[in-house]
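Let's walk through this protein together, with the sequence and the 3D view side by side.

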Amino acid sequence: MSFKEVRPTQASLEQYGIKNADAKWNLSPSDLEKIAVKKGMGEIADSGALSIDTGAFKGRSPKDRFIVKDELTKDSVWWGDINIPFEPEHYGNLKSKVADYLGGKEIYVRDVYACADDRYRLKIRVITELPWSNIFAHNMFLRPSEEELKDFEPDWVVFNAPGFMAEPEVDHTRQSNFAILNFSDQMAVVGGTGYTGEIKKGIFSALNFILPHQKNVLSMHCSANVGAEGDTALFFGLSGTGKTTLSADPNRKLIGDDEHGWTEDDVIFNFEGGCYAKVIDLSEEKEPDIFRAIKPGALLENIVFKGDGNEVDYTDSSKTENTRVSYPIYHIDNIQEPSRGENPRNVFFLTCDAYGVLPPISKLTPGQAAFHFISGYTAKVAGTEEGITEPQVAFSACFGAPFMPLHPTKYADMLSEKMQKSNVNVWLVNTGWSGGSYGVGKRMSLKYTRAMITAAMNGELDSVDFQTHEVFGLAMPTECPNVPSDILFPRNTWADKDAYDQTANNLAKKFLKNFEKFSDYASDEIMAGAPKVSADVN
């Protein structure tokens, strides 16, 4: 097969230790699709998208993510169970082994960049073992023009070698798969896993160190869109809470669905050039923008076909609940170009409450906003990480702790300062359960969640009365257009009110227990935003 390559003038892989490789540079997605299909690595779905299987790993593996601990990082990274240290010597040895593994193979190189604000652009070279991993990089990052590629020299380099298996006793990894960041070497090395999300989250983690620590730009795990009046809305939340779905609004232009920066001059900019959406139970009726974005150039991961044909069965979770699609942002019709916005007016914290305690929407005070941002309460939704088969209660600081190298209070302080400066409204939105905990209640209707968010952005909740939640102190609107009033008060949706009170009290205790590690850093205003445990409830 003959393909058109776009190779930078000074490009060479030998500088990274990769020798004698048959490297294909910056091939088009259609050319990469042809290679993948010819090699038996994927099939074309009826939508025209390439369908592939990521192998043993269908989600991220946070326990196998490491950061090299050296002079640059030793006193700035928040070390612990999330940011696991890795010795420079061990990194050097492992990187050399991965380079040797890639040498002599047909591999694929993609030159891209992150950050839609040119002031903070990060040039990235992604070197992949597999052609479909290269399609993912094309879809998810910002794409230089051919002219820009001529003199392209990367700031960061990514090795992606799913077929390379580490030897834990020799390579000092936990198991055969790994994702390692080295800020001094400006590299991410991923091996032993084909899950493409490790590529994008590696660069996101890098930006979460570089931008706040070195550029005074707040990096955020959030989606963003902008209204006709130029008002920007941000949606924070972990995977599965609705960031992608809820930011895809036909009445607002999408800035991006996952990762953004907030500058000193109040510009919101997308880090990425595409979207990475869950597709379990996807339908055109429920999520038309995402459904229609699945066309030639999109990459479907771990889906199942109906029968012996090539029609996708989006209801089939036999491989994983975390079925995914990546596509370039221009597959969405209603996008903001360039992908930047100004004047943030509303911030939404999305939480998937598996206990069914929190109200479907509530307005937060500045203290509550800081408390809930630092807490980052949600449930880990099935399939987004290895070993998660049903929702589990979790606290993830800043709604993105697995990707945050700095101490959570650094991000919280920056966010609090920016929210107060911009005078934004902050809302907590429960996209989880209502009428009971997981297994008893039901998942909150997407239709109603959309209606509540729309009402908040349109100012329709500004003039309604609010009631205060008995335990969490949250301000709950007493009415909302197109939403039944009874679901606005979670206690009313439970048949057993005593059971609700006990569950709410128990959840409050979990919040307070989790926050103990942050309390030394928290002001009186933040602590006033914490829930209050009732002594009258066992």
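Ring pairs gather W78, F371, Y377, F395, F472, F511, F515 and F518 into a cluster. Here, rings of Phe, Tyr and Trp (its six-membered ring) pair if their centres lie within 6.5 Å; planes under 30 degrees apart count as stacked, over 60 as edge-to-face and the rest as tilted. Before we go further, a word on the source: this is a predicted model, in which local features need pLDDT of at least 70 and side-chain atom pairs count only at pLDDT 80 or more, while totals for chains, interfaces and linings use all residues. Residues are numbered from 1 along each chain as its sequence is written, and side-chain values use heavy atoms, with hydrogens and water left out.

How many aromatic pairs does a search of the whole structure find? The search gives 28. Take F236 and F373: their ring centres are 5.5 Å apart and their planes stand at 85 degrees, so this pair is edge-to-face. Because F236 sits in strand β12 (residues 232–236) and F373 in helix α9 (residues 366–375), the pair ties together parts that are 137 residues apart in sequence. Helices (H or I, at least four residues) and strands (E, at least two) are DSSP runs, numbered from the N terminus. F236 is buried, with a relative accessible area of 0%, and F373 is buried as well, at 4%. Buried means under 20% relative accessible area, exposed over 50%, and partly exposed in between (1.4 Å probe, protein chains only).

Now step back to the whole protein. There are 14 helices and 28 strands. The radius of gyration, taken over C-alpha atoms, is 23 Å, close to the 24 Å that the globule rule gives for 538 residues, so the protein is as compact as a globular protein of that length. That rule is 2.2 Å times the number of residues to the power 0.38. Of the 538 residues, 61% count as buried. Among contacts (heavy atoms within 4.5 Å) between residues at least 6 apart in sequence, 72% join residues at least 24 apart.

For a local example, look at S396, in the loop between β23 (392–395) and α10 (408–422). S396 is buried, with a relative accessible area of 6%. Leaving aside residues up to four places away in sequence, S396 touches L238, S375, G376, A401 and P402.

Finally, a few backbone details. Most residues other than glycine have a negative phi, and most peptide bonds are trans. Which residues does a cis peptide bond join? They are E337 and P338, with omega about -10 degrees; P338 is in the loop between β18 (324–328) and β19 (340–342). N216, in the loop between α6 (197–215) and β11 (218–226), has a positive phi of about 55 degrees although it is not a glycine. At 36% relative accessibility, N216 counts as partly exposed. N343 also has a positive phi, near 55 degrees; this residue lies in the loop between β19 and β20 (344–351) and is partly exposed, with a relative accessible area of 41%.
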